[in-house]
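Subject: Structure handover

Hello,

Here is the structure for you to look over. My notes follow below it.

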Amino acid sequence: TALPQGLTAGTWNIDPIHSEFTFTARHAGVSKVRGHFEEIAGSVNVGETLEDSAVSAEASANSINTRNEQRDGHLKSGDFFLAEEHPKLSFKSTAIKADGADEFETVGELTMRGVTKEVAFATEFAGVATDPNGNQVAGLSATATVNRKDFGMSFEAVLGGGELLVSDKIKIELELELVKA
């Protein structure tokens, strides 16, 4: 499949200043709690075709931020990310498949807490531009839903009405700005 318009072969690095790795969990069955990882890095090696391209990215588990220090500490603990033993979350693509002109599926191995599972991200290409410094930049958005228990995050707290304190399903959203190397 041809590359999206404007995207050229080569290495495109994630610009952490203009990128976000966020997640959303349901709390007590009624509200959504959002958080993000402040330290992210990675690259997209764009081949001659979409299928020849590859994504590699990581985040620091200790850089988790939900705007609540106590909750962040709990998320870094053995109940969730076990950040001391597994300081990095990582993703390596295994396949990229076109799903329209600017939409594709990025399938790969997501590793959290030392557990690796296949995850498919619905990915949207936002285009290419030249930034004020003359760099070529490209935008990507990607979303996936994972079950935290698949990664060994088995913390369980059930409320009186049967609601989970923390949902099993976690939505991951990525907003990436890539800079051509």
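Which residue forms a salt bridge with E105? The partner is K97, with the closest N and O atoms 3.7 Å apart. K97 is partly exposed, at a relative accessible area of 41%. E105 is partly exposed too, with 30%. Please keep in mind that this is a predicted model.

**Salt bridges**

The structure holds 4 salt bridges. Another of them joins the side chains of E58 and K88, at 3.6 Å from N to O. E58 sits in strand β5 (residues 54–60) and K88 in strand β7 (residues 88–98), so this pair ties together parts 30 residues apart in sequence. E58 counts as partly exposed, with a relative accessibility of 35%. K88 also counts as partly exposed, at 43%.

R148 and D168 form a salt bridge as well, and their closest N and O atoms are 3.5 Å apart. D168 belongs to strand β11, while R148 lies in the loop between β10 (136–147) and β11, so the pair links parts that are 20 residues apart in sequence. R148 counts as buried, because its relative accessibility is 2% and the cut-off for buried is under 20%. There is a network here: salt bridges with shared partners join R148, K149 and D168.

In general, side chains of opposite charge can pair when their charged atoms come close.

**Nonpolar core**

Next, the core. In soluble globular proteins, nonpolar side chains tend to be buried together. The largest nonpolar core here has 43 residues. Within that core, F37 and F81 touch the most other members. Strand β11 (residues 166–180) gives the most to the core, with 6 residues.

Which residues does F81 touch, beyond those up to four places away in sequence? They are F37, A61, I64, L75, K76, H86, L89, M112, R113 and M153. R113 comes up again below.

**Cavity**

The structure holds 1 cavity of 30 Å³ or more. About 390 Å³ of space lies in the largest cavity. Its lining counts 30 residues, and V55, A57, F91, L174 and L176 are the closest to the centre. By type, the lining divides into 25 nonpolar, 4 polar and 1 charged. Several strands take part: β4 (40–46), β5, β7, β8 (103–112), β9 (115–130), β10 and β11 each supply at least two lining residues.

The largest pocket has a volume of about 460 Å³. It is lined by 23 residues, and those closest to its centre are A25, R71, L75, F80 and V166. Where does the largest share of this lining come from? It comes from β2, which gives 5 residues. β2 (20–27), β3 (31–37), α1 (69–76) and β11 each supply at least two residues of the pocket lining. The lining residues divide into 16 nonpolar, 4 polar and 3 charged.

β11 also supplies at least two residues of the cavity lining.

**A residue in β4**

S43 is found in strand β4. Is S43 buried or exposed? S43 counts as buried, at 15% relative accessibility. Leaving aside neighbours within four places in sequence, S43 contacts T11, W12, N13, I14, A54, V55 and S56. One of these, V55, is also among the residues closest to the centre of the largest cavity.

**Backbone points**

Most residues other than glycine have a negative phi. Two residues to check on this score are R67 and R113.

R67 has a positive phi of about 70 degrees, although it is not a glycine. R67 lies in the loop between β6 (64–65) and α1. With 75% relative accessibility, R67 counts as exposed.

R113 has a positive phi of about 60 degrees, and it is not a glycine either. R113 is placed in the loop between β8 and β9. R113 counts as buried, at 18% relative accessibility.

Best wishes

Terms used. Residues numbered from 1 in each chain as written. Predicted model: local features only at pLDDT ≥ 70, side-chain atom pairs only at ≥ 80, totals over all residues. Heavy atoms only, no water. Core = buried A, V, L, I, M, F, W, Y, C linked by side-chain atoms within 4.5 Å. Buried < 20%, exposed > 50% of the residue type's maximum accessible area, 1.4 Å probe, protein only. Helix = DSSP H or I, 4+ residues; strand = E, 2+ residues; numbered from the N terminus. Contact = heavy atoms within 4.5 Å. 1 Å grid on protein atoms, 1.4 Å probe; cavity = no way out; pocket = protein on both sides within 12 Å on 5 of 7 lines; lining within 4 Å. Points joined across faces, edges and corners; volume = space filled by probe spheres on them. Nonpolar A, V, L, I, M, F, W, Y, C, P; charged D, E, K, R; others polar.
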